[in-house]
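Here's a quick briefing to read with the model open beside you.

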Amino acid sequence: MLAIHEISVLTERMFKHLRKWFVTRFFGRSRRRARLVSKDGRCNIEFGNVEAQSRLIFFVDIWTTVLDLKWRYKMTIFITAFLGSWFFFGLLWYVVAYIHKDLPEFHPPANHTPCVEHINGLTSAFLFSLETQVTIGYGFRCVTEQCGTAIFLLIFQSILGVIINSFMCGAILAKISRPKKRAKTITFSKNAVISKRGGKLCLLIRVANLRKSLLIGSHIYGKLLRTTITPEGETIILDQININFVVDAGNENLFFISPLTIYHVIDHTSPFFHMAAETLPQQDFELVVFLDGTVEATSATCQVRTSYVPEEVLWGYRFAPIVSKTKEGKYRVDFHNFSKTVEVETPHCAMCLYNEKDARAKVKRGYDNPNFVLSEVNETDDTKM
């Protein structure tokens, strides 16, 4: 009987797990809230009805436009720029040979000196253009002093080839060395937690630097995005409210060598003050957290950002310990516990915590009653000996 009971319990747990997975897999996506900033920092925004004149501004700042392109488009432009210039100047070299009657179909005499030696057709003209622009001279095809047009074209292609090489190679190098890639090695915890810290109710987030090189002058701050309605009846979507985050050592010039736990104190000025554990999942907001800093290796500034929606804010939890010290005296960071949380006793709202503190303070204080008068009573001894 005991074995049958255990099998039924295991079967019930298995079906419960499968049912939960099925609901999350097929119906969970429809309930996901729209994000302005994804967990990896990408902005989910679309610009519509942009005028054609405004689009031309992107070509004025062509350098930034090329840097912002995705790698597949950048490599397409890179290959097209070189192949296009080689083929274009190949056509020009073919035209020069055609005008000067250097091609074999014109049957030039034996004492004829061509503008370019050994150009016999469009293919050889393309090869000479390639050799000229990338400075790979094979010693077989060369420009003679016979015509000034060929000399001018050689100089023009050499100068233009240097410009194309500088621009495209510089764009590739700048794309690789952008501080945006450095931001990939800064990670935030999957969830934010709300619990007591130092006797105050705080919203806590953990952030870690996966490299040993530091971010110099790091600064942490946040923005709470939500839809608000003004007293005039205007609806403001993505209204931004400043959220101040601090660490125990201050929020400026962080010593960011190990994971830090940043926290926001939920006081009377905080937008989280009127929220409670029961009402938090029904709220409609997005908390965007920013970390600005300077890369130590390149001195370039970078920004790391992530966001949290109400379902990712856990009320009544704190983060598990992550830093320990080994017997050899080294400090060890266990990233297995980076986003792990532990449930702790926490007031279910900020107002409850402060009301409890006020009640305790009133118990400790005494109150004077001005209507109370102490009357002295003379004691008499009625017993006579």
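This is a predicted model: local features need pLDDT of at least 70, side-chain atom pairs count only at pLDDT 80 or more; totals for chains, interfaces and linings use all residues.

Residues are numbered from 1 along each chain as its sequence is written, and side-chain values use heavy atoms, with hydrogens and water left out.

**Helix α4**

- Helices here are DSSP runs of H or I with at least four residues, strands are runs of E with at least two, and both are numbered from the N terminus.
- α4 takes in residues 71-99, 29 residues in total, and spans 42 Å from first C-alpha to last, close to the expected 42 Å (1.5 Å times one less than the number of residues).
- Its buried residues are K74, F82, S85, W86, F89, G90, W93, V96 and A97; buried means under 20% relative accessible area, exposed over 50% and partly exposed in between, with a 1.4 Å probe and protein chains only.
- Those buried residues pack against α3 (62-68), α5 (122-133) and α6 (148-176), with contact meaning heavy atoms within 4.5 Å.

- Most residues other than glycine have a negative phi.
- H107 is exposed, at 67% relative accessible area.

**Cavity**

- A whole-structure search turns up 1 cavity of 30 Å³ or more; a cavity is a set of points on a 1 Å grid over the protein atoms alone where a 1.4 Å probe fits but cannot get out.
- The largest cavity has a volume of about 30 Å³, counted as the space filled by probe spheres set on the points, which are joined across faces, edges and corners.
- W93, V96, A97, D102, C115, V116 and I119 line the largest cavity, each with an atom within 4 Å of a point.

**Strand β2 and its partners**

- β2 (residues 192-197) pairs with β9 (residues 313-315) in the parallel sense over 3 bridges, where pairing takes at least two DSSP bridges.
- Opposite I194 stands W315 in β9.
- β2 and β3 (residues 200-209) run antiparallel, joined by 5 bridges, and V193 has L204 as its bridge partner in β3.
- The β2-β3 hairpin has 2 residues between the strands, and G198 takes a positive phi near 65° there.

Technical notes:
On a 1 Å grid over the protein atoms alone, a cavity is a set of points where a 1.4 Å probe fits but cannot get out, and a pocket is an open set with protein on both sides within 12 Å along at least five of seven lines; lining residues have an atom within 4 Å of a point.
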